[in-house]
Amino acid sequence: MSFKVENFQEFPELLSYVKKINKYIEKDKQGKLASKIKEFQLLLEKNENLQVPITYILSILIEIYPEILNSSFIGKIESLINSENIKLKVNSIIILGFYLLHHPKLLKQNYYDIFAKLLLTNKKDIRDNCYFFLDRMVKKNPRSICNNKNTLLDALGIEIKDENTDNILSIINFLSQCNNYNFRQLYSIRAYSVQILKSIENNKMDKLKLGLLSLLQTLFPEIKVHLTNNKEQEKDNLIETLQNVFIMKRYDFTEIRKENNITFKEYLKDFKNSSLKEKELYFYTNNQKTNKIYFYELERDKVLDFFEQNRKISHEEILKIFSNVLESPDIALFIETLLRLGHIQGYFSDFYFYPFKFIYSTLLGDLKEKGTISIKDYNYLPLKYIHKCIKELVENEENLLLVGKKKEIFYNLPNIKQEISEIATREASIDLKKYRGKLTTPSFLKLVRLLPNEYLTKFHKGTSWLTNIGKIKFEQELHNSKIIGYFDIKKISKKLQLSELLLKDIFSTYIDERTGIWNISKDKFYYSKYIKSELEKIDQMRDSREKVQKIEQLATKLNIEEHTLKNELDEKVSSIANEIKKKDKIKISKYMEKTGMDYESFFEFINSLGVSYLKKGEVLLFNPSKIENAKKKIKQFIKKESSAKDFISLGNYDVNSKLMKELIEELQKSEKIKGIFYEVENEIRFYTERGIKNIMLSEIFIFSLYDFFYEKELSPNDISLLKEIFYHLYEAGKLKGQFDEKTLTFTNEEIVFANDYNASFHEFNRRVYNYIEKFNSEFQKIKKILIKKSTISAKEVKWIEDTIHKINKRDIYWKNELEAFINRVNEELIKKQGISMKKFRSSPYLKEAIREDIKIFAEDEDIIDLMEGFNLWVQLFNKLEYKYENILFYQKRLMKKPDDEKTKKKLMELREELNLTKEN
């Protein structure tokens with residue numbers, strides 16, 4: 001083993017070291033090698049620029065010569081693991097890993113923690129090296145990894161996403177060493193296991209599946225029973241069994257307090273912070289008889305499904321389901337705690353649990369069938385609880401139920417409405433005293449509120465009710481007031497011959513008072529929009545004194561206290577915001593009026609609330625079920641658009657782009673539509689199957705499937721779809737020519753059989769300059785970052801790295817395409833000129849003789865110049881890939897030491913080499 005000296009030319013300080021190290025390795029002089037390595041420690045501390053090459057040398061040597069490093073040197077290396085330089089980080093991991101493997105007595109818990117934490121990085125090289133060492137470290141002390149169970153589960157999600165089977169198996173093996181999993185961890189293991197099983201072929205018993213099943217059998221007894229009873233181990237059945245596992249945990253705080261010396265308050269705080277609040281129910285019980293405190297964690301959905309059945313549930317059934325965490329004496333306290341905390345609803349007797357849903361449906365059935373509900377029919381329930389159930393029935397079925405005076409009998413509202421409607425159709429007024437004496441006040445008011453609108457309004461004084469004519473006139477005045485900007489109580493009261501008190505009652509019912517401000521005397525109401533308009537006029541004034549005077553004048557004119565003009569408006573908008581957050585849906589125009597905002601400002605306001613919504617015409621939906629119904633209709637619309645258009649611009653519809661994208665992706669997964677997402681000038685488009693066909697048919701000469709969506713990293717599914725569409729057109733005879741499977745490039749027969757040299761040349765010229773333009777476009781963006789004087793952010797560095805990688809990956813396809821073009825055209829043109837390629841290649845004399853008469857495309861100077869220009873760009877990006885980090889290094893050094901002339905010179909030389917000088 002030896003190191004190539006030429007690989008260290010950029011680091012002249014190390015050349016002598018490398019030569020001596022090679023010499024010591026060759027003669028196996030470990031002692032001298034170790035002494036030479038000691039000098040590296042000083043170099044590491046003195047020169048940051050040498051850290052990467054030094055750690056690289058050490059990472060190679062330590063595997064073979066583990067004794068060359070001492071613990072103090074390892075301490076320095078350990079600190080480098082936190083470096084942002086990926087190469088330095090990887091080298092340091094390798095050095096520390098091999099050192100620990102060769103010195104197992106030094107293995108401490110913190111090293112397991114360090115390597116486990118690194119599993120969460122987005123760099124695969126780092127993760128792979130950490131798995132390599134952890135696999136071996138865990139064999140030496142299996143349980144030491146168990147302090148990092150949460151970290152391992154987060155890492156499992158990363159590896160599943162990246163489909164790294166070996167790393168997934170490593171994590172499963174690590175997890176198999178551990179026990180005492182909490183609810184959150186079990187929930188994560190189950191979710192990730194389902195993903196893994198779905199990715200494994202049915203009945204394929206590989207190491208990954210065997211390892212996973214072994215872990216699952218240990219954690220979930222239901223899986224062990226399933227595997228025992230199902231020898232064939234069908235994947236779908238196994239996944240279903242796993243998803244049906246009811247995860248529940250109970251913790252004995254009495255024991256926890258003894259083991260961890262923790263107070264109840266501290267434990268409860270940690271417990272809440274670590275719980276899956278949306279997925280679980282958590283609570284604790286305190287048994288006064290046994291002096292035991294138990295904490296419980298249960299899957300929310302499965303608990304609710306069980307306790308929301310439409311039937312009564314026996315104690316035996318409850319114990320059977322919750323036997324993992326419950327014993328018979330604890331049933332009562334367990335259920336009572338769930339009820340007290342509001343997790344479930346119902347009544348718990350000595351023998352049964354009566355779900356609220358069961359009681360509610362029974363009450364509703366009596367009301368519809370008998371016309372009344374009598375309390376006497378429910379004497380098996382406490383009177384207080386049956387009243388509570390009926391109260392909720394009253395609230396939920398307000399169009400169906402009225403309450404009797406003594407609250408012992410409840411009436412069917414439609415029957416009473418029918419009686420009143422028959423009288424109201426014959427009389428100009430109606431006396432409702434009969435029903436007032438029979439019903440409670442709230443029910444009587446409900447009856448009045450729900451009377452048919454064509455007969456009576458809801459406004460009244462005593463038993464005299466406002467007619468619909470008065471209502472129509474009031475609404476006209478209200479409409480006019482919104483135009484002029486205010487509602488004048490005195491003026492309108494006189495005009496309509498209505499008392500001011502009644503008019504105020506009506507106005508307050510129609511108008512949310514947060515839409516404006518009353519004047520001091522409460523006889524004029526000014527709308528927010530009007531006040532805002534007046535204030536905006538004042539804000540446009542430049543003279544601050546004049547502004548103050550104008551505001552004082554406005555306050556006097558409107559008879560509103562000056563300090564409330566703006567502050568009260570802001571408070572009202574805040575109140576409206578809180579109201580919206582509680583709504584299932586709102587009408588846009590109504591709330592624009594309430595806030596006094598225009599359309600654009602209103603949606604900025606809505607977005608600032610952080611609520612999920614769906615815009616459907618004039619309505620914003622917030623209710624999840626209504627959103628789902630709307631989504632179904634949008635999906636139908638998308639399918640229709642997909643079959644009729646080349647692409648769907650996500651921002652052009654009355655639905656936000658993010659939701660539109662999600663719905664399209666759902667349709668893609670169900671294979672109801674096909675297409676590819678692509679961003680064009682900050683606009684996200686979904687190119688449909690029809691659109692992709694038209695793109696292919698519009699390419700006259702030559703195309704590669706990779707270049708239809710330039711800058712997009714095509715996924716395997718994208719490429720598969722493009723090939724499917726291409727072959728459909730090809731087999732149908734709509735595309736004729738040759739297709740290269742390796743480069744996914746299609747050449748039209750018009751080029752394959754072309755005899756027009758100029759047309760071929762121009763097409764080649766066009767393609768070369770197209771690629772050069774792409775090179776130049778990306779280069780100018782990179783250059784703009786690399787030559788700027790301010791600090792280059794990590795985000796910008798990441799973008800440069802990704803862009804260079806993307807270009808260097810694409811230029812291979814581009815070059816293959818251009819060379820294939822030259823070869824095909826060259827051969828065809830020679831054949832068209834009457835010379836076979838076989839004869840042309842085999843006869844130098846003939847080749848020489850025909851040079852003046854035959855035009856050889858491949859030897860055309862212009863073609864050669866074009867390819868040289870293309871290759872210069874390829875070479876430039878290759879240099880950028882290896883040297884852009886040096887630019888960043890020198891710039892960073894100069895920012896710290898602006899007068900460092902040596903660094904300035906190196907930076908200038910490197911910029912000139914990479915064409916990064918400002919004048920270029």
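Here are some friendly notes to read beside the structure, one topic at a time.

1. **Before you start.** This is a predicted model, in which local features need pLDDT of at least 70 and side-chain atom pairs count only at pLDDT 80 or more, while totals for chains, interfaces and linings use all residues. Residues are numbered from 1 along each chain as its sequence is written, and side-chain values use heavy atoms, with hydrogens and water left out.

2. **Strands.** Begin at strand β6 (residues 352–355), which runs antiparallel to strand β4 (residues 313–314) and is joined to β4 by 2 bridges. Strands here are DSSP runs of E with at least two residues, helices are runs of H or I with at least four, and both are numbered from the N terminus. Two strands pair if DSSP finds at least two bridges between them. Across from Y352 in β6 you will find S314. Strand β5 (residues 346–348) also pairs with β6, in the antiparallel sense, over 3 bridges. A hairpin of 3 residues leads from β5 to β6, and Y347 stands opposite Y354.

3. The structure holds 27 salt bridges, each being a side-chain nitrogen of Lys or Arg within 4 Å of a carboxyl oxygen of Asp or Glu. In one of them, R127 meets E159 at 2.6 Å, N to O. R127 lies in helix α7 (residues 124–140) and E159 in helix α8 (residues 149–162), so this pair ties together parts 32 residues apart in sequence. Both R127 and E159 are buried. Buried means under 20% relative accessible area, exposed means over 50%, and partly exposed is in between (1.4 Å probe, protein chains only).

4. **A link between distant parts.** R250 forms a salt bridge with D330, with the closest N and O atoms 3.7 Å apart. R250 sits in strand β1 (residues 248–252), whereas D330 is in the loop between α17 (315–321) and α18 (331–340), 80 residues apart. R250 counts as partly exposed because its relative accessible area is 28%, while D330, at 13%, counts as buried.

5. Which residue meets D802 in a salt bridge? The partner is K798, at 2.7 Å, N to O. D802 is partly exposed at 37% relative accessibility, and K798 is partly exposed at 35%.

6. **A network.** Finally, look for E763, R766, R767 and E817, which are linked in a network of salt bridges.
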